[in-house]
Amino acid sequence: MKKNHAILITIGIILISGLFVFAISGANKEKAVREGTSLYFPTEIDFAGEQTPLQIADVKERLDKELVINANLHSSTTLILKRANRAFPIIEPILQKYGVPDDFKYLAVIESGLVNAVSSAGARGVWQFMPDTAKEKGMEVNDYVDERYHLEKSTEAACKYLLAAKDKFGSWTLAAASYNGGMSGVNKKIEEQQVTNYYDLALTDETSRYVFRILALKEIMKNSGKYGFTLFPNELYTNIPTKKIEVDSTINNLATFALEQGINYKILKIHNPWLRDKKLLNPTKKKYEIEIPTEGY
């Protein structure tokens with residue numbers, strides 16, 4: 001009797017659960033089915049607090065395209081999720097210091113995948129600065145030092161650009177678009193088309209996709225499980241503890257210098273990618289901070 005009673009209770013629970021599932025609205029039922037797959041789509045989304053108008057057909061479709069692409073680039077997106085654990089703790093406080101919204105860290109993601117990338121046009125680093133723009137923003141770029149590869153300094157330079165763009169356009173979304181299309185390029189489109197909203201502008205293919213790629217990576221990275229990505233903490237890349245050594249003179253042989261610090265040349269370059277040669281010429285006695293890992297090598 002007890003066994004039959006338990007069976008009846010189980011059947012009742014199943015029937016009630018079934019009724020509950022059927023009671024869910026069509027939209028929510030669809031979301032429940034899609035959750036955990038690359039086909040999941042959010043109800044709403046914003047960039048830097050500026051709402052994305054998903055009620056506009058082409059806007060929704062363009063976001064869907066970037067979500068589907070990036071959710072299915074499984075190896076690439078997995079690596080980005082792993083690297084973010086190492087890069088974001090460096091980028092986030094700098095954005096906060098300059099008053100730039102936290103969402104701009106996803107701009108760095110789509111620019112470089114959070115590695116020191118090199119473009120065919122000559123842009124370099126996580127934030128993909130061209131040489132002249134980097135120098136305009138206060139970075140040193142020469143044969144021996146290239147601060148585009150210095151994550152802290154290049155993030156500060158990106159903040160300076162974005163603040164100027166926000167001041168010009170009055171919109172963080174347009175500021176982000178101008179990082180790709182240039183301030184003058186975006187401004188020209190605004191004047192030609194007589195609209196002031198990114199989502200109303202007809203832009204070049206690349207700039208037209210640009211903010212949607214940022215939005216897609218933001219959505220996937222913030223809600224990775226909903227798109228089928230599950231990573232455990234021990235699978236994420238971490239920052240290795242370092243100490244900073246100040247130098248104000250020429251280092252004729254960086255390999256020898258590294259060995260004197262108890263590491264090797266490879267480890268020195270991994271932690272200081274802005275050092276671009278086998279030596280550091282410093283006739284002006286400029287002060288540089290070189291990072292030396294204290295473990296993990």
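These numbered points describe a predicted model of one protein chain.

1. Overall make-up. The protein chain contains 12 helices and four strands. Of its 297 residues, 41% are buried. Among contacts in the chain with a separation of 6 or more, 62% are between residues 24 or more positions apart.

2. Helices α3 and α10. Two packed helices are described by the angle between their axes and the distance between the axes. Helix α3, residues 57-72, packs with helix α10, residues 205-222, at an angle of about 55°, and their axes are 8 Å apart. The angle makes α3 oblique to α10. The crossing of α3 with α10 is right-handed.

3. Residues between α3 and α10. On the α3 side, the residues that meet α10 include Val 59, Leu 63, Leu 67 and Ile 69 as well as Arg 62, Lys 65 and Glu 66. On the α10 side, those that meet α3 include Phe 212, Leu 215, Leu 217 and Ile 220, together with Arg 209, Arg 213 and Glu 219. Sorted by class, this contact of α3 with α10 has 10 nonpolar, two polar and six charged residues.

4. Helices α4 and α5. Helix α4, residues 74-98, packs with α5 at an angle of about 135°, with 10 Å between their axes. This makes α4 oblique to α5. The two helices, α4 and α5, pass in a right-handed crossing.

5. Residues between α4 and α5. From α4, the residues in the contact are Ile 80, Phe 88, Ile 91, Glu 92 and Leu 95, and they meet Lys 105, Tyr 106, Ala 108 and Val 109 in α5. The contact of α4 with α5 divides into seven nonpolar and two charged residues, with no polar ones.

6. Ile 214 in α10. Which residues does Ile 214 contact, leaving aside its neighbours within four places in sequence? They are Phe 47, Asp 103, Tyr 106, Leu 107, Ile 110 and Ala 176. Ile 214 is in helix α10 and has a relative accessibility of 1%, so it counts as buried. From Ile 214 to Glu 111, the C-alpha to C-alpha distance is 9.3 Å, although these two residues are 103 apart in sequence. Tyr 106 also takes part in the contact of α5 with α4.

7. Thr 52 sits in the loop between β2 (50-51) and α3. Is Thr 52 buried or exposed? Its relative accessible area is 4%, and because the cut-off for buried is under 20%, Thr 52 is buried. Not counting residues up to four places away in sequence, Thr 52 touches Ile 45, Asp 46, Phe 47, Val 59, Tyr 199 and Leu 215. Two of these, Val 59 and Leu 215, are also part of the contact of α3 with α10, and Phe 47 is likewise in contact with Ile 214.

8. Aromatic pair Tyr 40 and Tyr 227. The structure has 11 aromatic pairs. One of them is the edge-to-face pair of Tyr 40 and Tyr 227, with 5.4 Å from centre to centre and 85° between the planes. The pair links distant parts of the chain, 187 residues apart: Tyr 40 lies in the loop between α2 (26-34) and β1 (46-47), and Tyr 227 in the loop between α10 and β3 (242-247). Tyr 40 is buried at a relative accessible area of 6%, and Tyr 227 is buried at 2%.

9. Aromatic pair Trp 127 and Tyr 179. Trp 127 and Tyr 179 also pair edge-to-face, at 6.3 Å centre to centre and 65° between the planes. Trp 127 is in the loop between α5 (105-112) and α6 (131-136), and Tyr 179 is in helix α8 (residues 172-181), so the pair ties together parts that are 52 residues apart in sequence. Trp 127 is buried, with a relative accessible area of 0%, and Tyr 179 counts as buried at 13% relative accessibility. Both belong to one aromatic cluster that also has Phe 129 and Tyr 161.

10. Ile 190 in α9. Helix α9, residues 183-193, holds Ile 190, which counts as buried at 13% relative accessibility. Apart from neighbours within four places in sequence, Ile 190 is in contact with Phe 169, Leu 174, Val 195, Thr 196 and Leu 201. Ile 190 and Phe 169 are 21 residues apart in sequence, with 9.8 Å from C-alpha to C-alpha.

Notes
Residues are numbered from 1 along each chain as its sequence is written. This is a predicted model: local features need pLDDT of at least 70, side-chain atom pairs count only at pLDDT 80 or more; totals for chains, interfaces and linings use all residues. Side-chain values use heavy atoms; hydrogens and water are left out. Axes are lines fitted to C-alpha atoms, for helices over the stretch in contact, and angles run from 0 to 180 degrees between N-to-C directions. Angles under 35 degrees count as roughly parallel, over 145 as roughly antiparallel, 65 to 115 as roughly perpendicular and the rest as oblique. A crossing is left-handed if the near helix is turned anticlockwise from the far one by less than a right angle, and right-handed if clockwise. Contact means heavy atoms within 4.5 Å. Ala, Val, Leu, Ile, Met, Phe, Trp, Tyr, Cys and Pro count as nonpolar, Asp, Glu, Lys and Arg as charged, and the others, Gly among them, as polar. Rings of Phe, Tyr and Trp (its six-membered ring) pair if their centres lie within 6.5 Å; planes under 30 degrees apart count as stacked, over 60 as edge-to-face and the rest as tilted. Buried means under 20% relative accessible area, exposed over 50%, partly exposed in between (1.4 Å probe, protein chains only).
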